[in-house]
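Dear colleague,

I am passing on the structure we spoke about, and my notes on it follow directly below. Please read them with the coordinates open beside you.

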Amino acid sequence: MKFTTALVAFISSTVVAYSTPLNPRDVYVPAITYPTAGTVWQSKGKYNVTWDASDAPEFISNKFFIRLNAGGRILPIVLAEDFDPRAGTVEIELPWIVPGDDYGITLFGNSGNQSPAITIQ
Ligand SMILES: *[C@@H]1O[C@H](CO)[C@@H](O)[C@H](O)[C@H]1NC(C)=O
């Protein structure tokens, strides 16, 4: 009887352990804090993109990267990759870009987070 009780207790605790939800590392989408709306960048310029890393989870499984947008569409131009999302900043260097005022960036981890519109001269 005692053995059966112990066995049931063991099985229950095992089931609880395995049904505990995974930590929420795969929903980390930090808000971009720079560039802000109306920022003006120069082609071939270097800038520090920043984001709010204050609520970064301990484990982040996704690779992070930053891409350039134009008119809200994500361009095949990677501005930064393989940086630490917990740092809250990464330096990017723009290539030569056709001037325009509807550019932006998207910070990707598990899903993309876009900056407001910026101008590139
Ligand atoms: C980006 O930040 C680093 C560290 O603060 C600094 O050394 C660097 O000059 C900055 N780059 C630009 C383009 O501001």
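A polar side-chain atom of Glu91 comes to 2.7 Å from a nitrogen atom of the ligand, and on the side of Asn48 an N or O atom of the side chain is placed 2.3 Å from an oxygen atom of the ligand. Please keep in mind that this is a predicted model, and that these distances are computed from it. Together with Lys46 and Tyr47, the residues Asn48 and Glu91 surround the ligand, and the protein covers 32% of the 360 Å² of accessible area that the ligand has on its own. Sorted by class, this shell consists of two charged residues, one polar residue and one nonpolar residue; its largest share, three residues, is supplied by strand β3, which spans residues 46–51.

The other part of my notes concerns strand β7 and its partners. Strand β7 (residues 100–108) pairs with strand β4 (residues 65–70) in the antiparallel sense over six bridges, and Asn69 is found opposite Gly104 in β7. Finally, strand β9 (residues 118–120) is antiparallel to β7 and linked to it by two bridges, and here Tyr103 stands opposite Ile118 in β9.

With best regards

Definitions and conventions: Residues are numbered from 1 along each chain as its sequence is written. This is a predicted model: local features need pLDDT of at least 70, side-chain atom pairs count only at pLDDT 80 or more; totals for chains, interfaces and linings use all residues. Side-chain values use heavy atoms; hydrogens and water are left out. A residue is near a molecule or strand if one of its heavy atoms lies within 4 Å of it. A polar contact is a pair of N or O atoms within 3.5 Å; within protein, one must be able to donate a hydrogen and the other to accept it, and residues adjacent in sequence count only if both atoms are side-chain atoms. Accessible areas come from the Shrake-Rupley method with a 1.4 Å probe; for residues, only the protein chains shown count as cover. Helices (H or I, at least four residues) and strands (E, at least two) are DSSP runs, numbered from the N terminus. Ala, Val, Leu, Ile, Met, Phe, Trp, Tyr, Cys and Pro count as nonpolar, Asp, Glu, Lys and Arg as charged, and the others, Gly among them, as polar. Two strands pair if DSSP finds at least two bridges between them.
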